[in-house]
Amino acid sequence: MKINAIYPGTFDPITYGHSDIVKRAAKLFEHVVVAVAGCPSKKQTTFNLIERVELAQAVLTDLPNVSVQGFQGLLADFVQQCNAQVIIRGLRAVSDFEYEFQLAGMNRTLIPNVETIFLTPSTQYTYVSSSLVKEVAMLGGHVEEFVHPLVSSELQKKWHITNGL
Ligand code: COA
C-alpha cells in the first residue's frame, strides 16, 4: 500500500532538525509533502511564506520523493487536498508532547481517517528550534551547525537589514 505523508510546520526557517525528520519520513513513505503554514498562530514570522517555501525547497532539493508546498487555512483541509494518509510531526523532548497531543487530537477529530505519526530527530538536534537559531543569528552568532548554508546566509541578510547595514 502506497502511503503519502505530510509534514506541516511554520519552518521559519527550516533547520537541520526539520530536514532530519524529513529524511526519516522520506524513507518510510511513498511521498512526503513538506507543508509550510501561511498564517501560523505565531503572529509575526521572520521570513514570509514565499521565502520559507523557497528555503525549504532549496534545502530539500536532493530528496526525490519530497515536495514543498505553502498552504493557507486549515491543515486538515490541506491534508485532504494532498491525499495524504499520514501527518508527520517531530518530537524533540517531553516538553513538545502536550502541544503535539492536542494538535493530533484535534486533527483526528477533523479528519478521522488520517493518522499522526511522531518521529524523533538525531540527538544532536533535540535542542534546536527556529527561534533559538534566529536569536543566535540576530546577535551575530554562528548558526552553520544548525542550518543549511543558504539559510545561514539569508539570516545574515536579515541581520544586516535589522541593524540598518
Ligand atoms: N527540528 C528543529 N526544530 C523543530 C523540530 C525539529 N525536528 N520540530 C519542531 N521544531 C521547532 C520549530 O523550529 C519551532 O520552533 P520555534 O517555535 O522556535 O519557531 C517549533 O518547534 C514548532 O514549529 P513547527 O514544527 O514548525 O510547528 P508549528 O508549531 O510552528 O506548526 C502547525 C504548527 C503549522 C502544524 C499548526 O499551527 C497548523 O496546523 N496550522 C494550520 C492551521 C490549523 O489547521 N490550525 C488547527 C490545528 S489543529
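**Exercise 1. Find which residues Asn65 touches, leaving out residues up to four places away in sequence.**

Step 1: Asn65 sits in the loop between α2 (49-59) and β3 (66-71). Helices (H or I, at least four residues) and strands (E, at least two) are DSSP runs, numbered from the N terminus.

Step 2: Look for contacts, meaning heavy atoms within 4.5 Å. Asn65 touches Ala26, Phe29, Glu30, His31 and Val32.

Step 3: Zoom in on Phe29. Its backbone oxygen lies 3.1 Å from a polar atom of the Asn65 side chain.

Before going on, a word on the model: it's a predicted one, where local features need pLDDT of at least 70 and side-chain atom pairs count only at pLDDT 80 or more, while totals for chains, interfaces and linings use all residues. Residues are numbered from 1 along each chain as its sequence is written, and side-chain values use heavy atoms, with hydrogens and water left out.

**Exercise 2. Work out how far apart Asn65 and Asn83 are, in sequence and in space, and say where Asn83 is placed.**

Step 1: Along the sequence, Asn65 and Asn83 are 18 residues apart. In space, C-alpha to C-alpha, the gap is 15 Å.

Step 2: Asn83 belongs to the loop between α3 (75-81) and β4 (86-90). Asn83 is exposed, with a relative accessible area of 56%. (Buried means under 20% relative accessible area, exposed over 50%, partly exposed in between, with a 1.4 Å probe and protein chains only.)

**Exercise 3. Describe the surroundings of Asp20, leaving out residues up to four places away in sequence.**

Step 1: Asp20 is part of helix α1 (residues 16-28). Asp20 is buried, at a relative accessible area of 11%.

Step 2: Asp20 touches Thr120, Pro121, Ser122 and Tyr125.

Step 3: The side chains of Asp20 and Ser122 are joined by a polar contact of 2.8 Å. (That's a pair of N or O atoms within 3.5 Å; within protein, one must be able to donate a hydrogen and the other to accept it, and residues adjacent in sequence count only if both atoms are side-chain atoms.)

**Exercise 4. Describe how helix α5 (residues 130-138) and helix α6 (residues 149-162) pack.**

Step 1: The angle is about 55 degrees, and the axes are 9 Å apart. Axes are lines fitted to C-alpha atoms, for helices over the stretch in contact, and angles run from 0 to 180 degrees between N-to-C directions.

Step 2: α5 and α6 are therefore oblique to each other. (Under 35 degrees is roughly parallel, over 145 roughly antiparallel, 65 to 115 roughly perpendicular and the rest oblique.)

Step 3: Val133, Lys134, Ala137 and Met138 in α5 meet Leu155, Lys158, Trp159 and Thr162 in α6.
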